[in-house]
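Student: I would like to learn how to read a model such as this one, going from a single residue out to the whole chain. Could we start with the structure in view?

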Amino acid sequence: MVIETVGALWEWSPALATGFWQNILISLLAIALGSLLGLLIGALAVSPLWITRLPARIWVQVFRNAPWLVLIYFTTYVFPFELHIGGHWVAFPDWVKVTIGLALPASANVAEIFRGAIGSIPGTQWEASRSLAFTWGQIFRSIILPQCFKRMLPPWMNLYAVITMGTALASLVGVHDLIDTAQIASNTVNRTGFTVMIYFSVLALFFVYCYPISRLTQHLERRYAFS
């Protein structure tokens with residue numbers, strides 16, 4: 001029985017690897033899109049103009065506190081299934097909608113990480129830069145930002161690990177990812193031992209991928225603790 005279960009798991013391993021690659025792809029695109037948007041929102045949140053700070057802070061509060069599953073359902077069922085571009089209908093896949101759904105909270109968290117990094121810079125650096133006749137933009141680009149990115153890296157990596165684990169929600173809206181593949185395999189083989197083993201394998205795959213990120217994050221936190 002054990003040999004048969006292991007053999008069935010081996011047969012399904014290519015499909016599991018393909019499904020897990022879908023999770024990784026979603027996580028990479030979500031963190032990339034969320035980071036770009038988050039840096040923009042974070043910059044607006046620390047702007048000296050209240051008219052730019054207000055919408056940025058509203059964005060952060062809304063998407064940091066919204067349940068991820070609700071956002072995924074929202075982007076999946078509110079966005080159209082096809083887009084009309086240049087006279088042609090182009091498919092809008094569910095996995096892209098899930099990516100957007102995860103990028104929204106990612107952007108809010110990146111914006112808050114960015115704001116916190118800027119806030120950690122001693123005020124004396126701003127004052128010293130102003131005394132040298134630098135403009136606000138020059139201070140921000142040349143002096144503050146280089147220090148911020150180093151301080152942002154550990155929490156940003158931790159956020160990426162969380163986003164990766166959040167991709168497990170994609171199967172709930174029909175995306176053929178690792179969880180969906182495991183469910184199909186479990187129903188096909190229909191053996192209790194195989195079901196236990198395949199979900200243990202799913203857990204192991206996420207752990208093997210995310211644990212090194214967590215360890216590297218801890219290392220960077222210690223390294224930059226007094227920077």
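Tutor: Let us begin with A103, which counts as buried because its relative accessibility is 4%; buried means under 20% relative accessible area, exposed over 50%, and partly exposed in between, with a 1.4 Å probe and protein chains only. This is a predicted model, in which local features need pLDDT of at least 70 and side-chain atom pairs count only at pLDDT 80 or more, while totals for chains, interfaces and linings use all residues. Residues are numbered from 1 along each chain as its sequence is written, and side-chain values use heavy atoms, with hydrogens and water left out.

Student: In which element does A103 sit, and which residues does A103 touch?

Tutor: Helices (H or I, at least four residues) and strands (E, at least two) are DSSP runs, numbered from the N terminus, and A103 has its place in helix α4. Contact means heavy atoms within 4.5 Å; once residues up to four places away in sequence are set aside, A103 touches A30, L33 and G34. By way of contrast, the C-alpha atoms of A103 and T188, 85 residues apart along the chain, are separated by 33 Å.

Student: Is T99 buried or exposed, and what does the side chain of T99 reach?

Tutor: T99 lies in helix α4, which covers residues 94-119, and T99 is buried, with a relative accessible area of 5%. For its side chain we look at polar contacts, pairs of N or O atoms within 3.5 Å in which, within protein, one must be able to donate a hydrogen and the other to accept it, and in which residues adjacent in sequence count only if both atoms are side-chain atoms. Here the side chain of T99 reaches the backbone oxygen of W95 at 2.8 Å, and, leaving aside neighbours within four places in sequence, T99 is in contact with I26, L29 and A30.

Student: Which residues does I113 touch?

Tutor: I113, also in helix α4, touches M152, P155, W156 and L159, not counting residues up to four places away in sequence. I113 and W156 are 43 residues apart in sequence and 7.5 Å apart in space, C-alpha to C-alpha, and I113 counts as buried at 17% relative accessibility.

Student: What does L16 touch?

Tutor: L16 lies in helix α1, residues 2-45, and is buried, with a relative accessible area of 5%. Beyond four places in sequence, the residues that L16 touches are L9, L178, T181, A182 and I198.

Student: What should I look for in backbone angles?

Tutor: Most residues other than glycine have a negative phi. N190 is not a glycine, yet has a positive phi of about 60°; N190 lies in the loop between α7 (178-189) and α8 (192-223) and counts as exposed at 64% relative accessibility.

Student: How many helices and strands does the chain have, and what is its radius of gyration?

Tutor: The chain has 8 helices and 2 strands, in the order α-α-α-β-β-α-α-α-α-α along the sequence. The radius of gyration is taken over C-alpha atoms, and the globule rule is 2.2 Å times the number of residues to the power 0.38; a compact globule of 227 residues would come near 17 Å, but the chain has 22 Å. Buried residues make up 39% of the 227 residues, and, among contacts between residues at least 6 apart in sequence, 74% join residues at least 24 apart.
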